[in-house]
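Please look at the sequence and the structure below. The report that follows describes a few parts of the chain one after another.

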Amino acid sequence: MEFAELIKTPRVDGVVLHRPFLPKVEGTLCLTGHHLILSSRQDNTEELWLLHSNIDSIEKRFVGPLGSITIKCKDLRVIQLDIPGMEECLNIASSIEALSTLDSLSLMYPFFYRPMFEVLEDGWNLFLPGDAFKDLESMTDEWRLSDVNKDFSVCPSYPSLVAVPKNIDDEALRKIATFRQGGRFPVLSYYHRKNGMVMMRAGQPLTGTNGRRCKEDEKLINATLRPGKRGYIIDTRTISVAQQAKARGGGFESEANYPQWRKIHKAIERSNVLQESLIKLVEACGDQSHNMDRWLSKLEASSWQSHVKEILTTACLAAQCIDREGASVLVHGTEGTDSTLQVTSLAQIILDPSCRTIRGFQGLLEREWLQAGHPFQQRCAQSAYSNSKPRQEAPVFLLFLDCVWQILRQFPCSFEFNESFLVLLFEHAYASQFGTFLGNCTAERVKVSLPEKTVSLWSWVNRPQELQRLTNPLYEANSLVIWPSVAPQSLLLWEGVFLRWNRSSKCLDEAYDVMVHIIEYNKELQNKVNSLRRQLAELETEDPLLQSP
């Protein structure tokens, strides 16, 4: 298909752009296969380059011969274009609608993007499963790397290589895959260096109403237990939801078949509820009534903060079982591709200081989200403004980032990256020139040759100039486990995402610059103090009379 077929009017002059907190700009609007571009001949005005894939919905209205299009974006930005001429406005609107709803992977912009920067390291090769396993091998010899899924036939949503207990062979894994939702047999998620405990993740067991069992499955998860120790199975569903799943062929581990495991049910909501919550939250944040009661009641009605609290509470529970109870943990919900990954990845941020570095966090996202089969293409197809009926869209990844931001805010010196890094990840998950978040699983990415045909987001992020912008100036490496507060008073609305287009960030930006200047000045003074101390020590060794009493 040619993009030109979808573009009815490729260019219109005299278009006026309105954006929050910026002066209006008049210029020429151009439509390309992937971008909406507005350029102006006025001095000191930025061009607008907006990916069609970032557009969530558009609204048209007309006043006489002048047409107006309001564009609502997946990054929650809202802009307005005033277009002279009704026909031109209608043509532009229908072209944008057609270009922003293309769902063929091979037509996405990352396949056409050519980087203007030098690629210093290929992000596609930075976090391969084999490399992560080498780190594990240096700590324990109880696990092996299995290629049972090398052709993605055993589990379509798993990568080709997975870490499993050494005494479980591939034939057993194939049997277990038929007993777990989507073929997602239990695999290693995290090994706790401090005490050798592990966290695994899986899909729900397909016990059904007949109480089906799988002895190979029981043997696999029991292989992670120390003699005389019990483990914990954290089910991210309430007991009633898990019971309902049982009636549909799903289910949960019975105490009779898993006597060494204690089951804990939590209440993390499913995708359709989360999508509705995001829509309500964004509507509340855009409310211009300035009525305090209305704002607070809308914020509460969205239940967003409750979702954040529940996810963080469950992650803290998993971390507590591992670090304080000295027990291994298995986490699953229904599919094992949404709430399960939120919990396992947040637990690692709490437990493992390396996950709080920029490079370590990238590795965590690769292992626990991209390679673990979170369906980004489905979940991020719509954001909060779409007029289409939600299908499988849900802000699962955004909620995870919100939880990370809550921990970052409570431990501002323990993270190497800053809030800007989290906002950048949110933006690129929904619309990007990079191929990292395209597709729903490794199998899909391999099928369309993503690593060969697109550029990785990490190739761009890991350049020195970008790292400088995304590095937290307050960072001091902290090797301890960090325990975030999940009390309601401790959890705040993430203004950097939900309010950034509703109010100017000028004062916050200025305050941040002042903070960076103070930190740099403090480092200079510290260096001077150290230099003077060295000089004093040298003088004291040369002249004993100068030695302090």
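## Pro353 and its contacts

Leaving aside its neighbours within four places in sequence, Pro353 is in contact with Asn478 and Ser479. The model is a predicted one. Pro353 belongs to the loop that lies between helix 9 (339-351) and helix 10. Its relative accessible area is 26%, and Pro353 is partly exposed.

Phe415 is 62 residues apart from Pro353 along the chain, and the C-alpha atoms of the two are separated by 8.4 Å.

## Asp323 in helix 8

Asp323 is part of helix 8, which covers residues 304-323. Is Asp323 buried or exposed? It has a relative accessibility of 11% and counts as buried; the cut-off for buried is under 20%.

The side chain of Asp323 makes a polar contact with the side chain of His192, at 2.9 Å. There is also a polar contact between the side chains of Asp323 and Lys194, at 2.9 Å. Leaving aside neighbours within four places in sequence, the residues in contact with Asp323 are His192, Lys194, Asn195, Leu351, Val481 and Trp483.

## Helix 13

Helix 13 (residues 419-430) consists of twelve residues. From its first C-alpha to its last it reaches 17 Å, close to the 16 Å expected at 1.5 Å a residue. At the start of helix 13, the backbone nitrogen of Ser420 has a side-chain oxygen of Asn418 within 3.1 Å.

Why is helix 13 described as largely enclosed by the rest of the structure? Nine of its twelve residues are buried, so the rest of the structure largely encloses it. The buried residues include Phe421, Leu422, Phe426, His428 and Tyr430. Packed against the buried residues of helix 13 are helix 10 (358-370), helix 11 (376-379), helix 12 (396-410), helix 16 (457-461), helix 17 (464-470) and helix 18 (495-498).

Strands of a sheet pair through backbone hydrogen bonds, either parallel or antiparallel. In this model, five strands form an open sheet in the order 10-11-14-12-13, and the pairing is mixed. Strand 10 (187-191) and strand 13 (261-265) are at the edges; each has a single partner strand, so one side of each is left without a neighbour in the sheet. From one strand to the next, the twist averages 25°.

Strand 12 (residues 231-235) pairs with strand 14 (residues 329-332) in the parallel sense, over four bridges. Asp235 stands opposite His332 in strand 14.

Strand 6 pairs with strand 5 (residues 55-63) in the antiparallel sense over eight bridges. The bridge partner of Ile58 in strand 6 is Ile71. The hairpin of strand 5 and strand 6 has two residues between the strands, and Gly64 in this hairpin takes a positive phi near 60°.

Strand 6 is also joined to strand 7 (residues 78-84) by seven bridges, and these two strands run antiparallel. Here Ile69 stands opposite Leu81 in strand 7. The hairpin of strand 6 and strand 7 has four residues between the strands, and Leu76 takes a positive phi near 80°.

## The annotated domain

An unreviewed UniProt entry carries the annotation "domain: Myotubularin phosphatase" for residues 123-498. Over these residues, 123-498, the chain is 43% helix and 8% strand. The end C-alpha atoms of this stretch are 29 Å apart.

How values were computed
Residues are numbered from 1 along each chain as its sequence is written. This is a predicted model: local features need pLDDT of at least 70, side-chain atom pairs count only at pLDDT 80 or more; totals for chains, interfaces and linings use all residues. Side-chain values use heavy atoms; hydrogens and water are left out. Two strands pair if DSSP finds at least two bridges between them. Axes are lines fitted to C-alpha atoms, for helices over the stretch in contact, and angles run from 0 to 180 degrees between N-to-C directions. The expected span of a helix is 1.5 Å times one less than its number of residues. Buried means under 20% relative accessible area, exposed over 50%, partly exposed in between (1.4 Å probe, protein chains only). Contact means heavy atoms within 4.5 Å. A polar contact is a pair of N or O atoms within 3.5 Å; within protein, one must be able to donate a hydrogen and the other to accept it, and residues adjacent in sequence count only if both atoms are side-chain atoms. UniProt positions are given in the numbering used here, feature names are shortened, and annotations may be inferred rather than shown by experiment.
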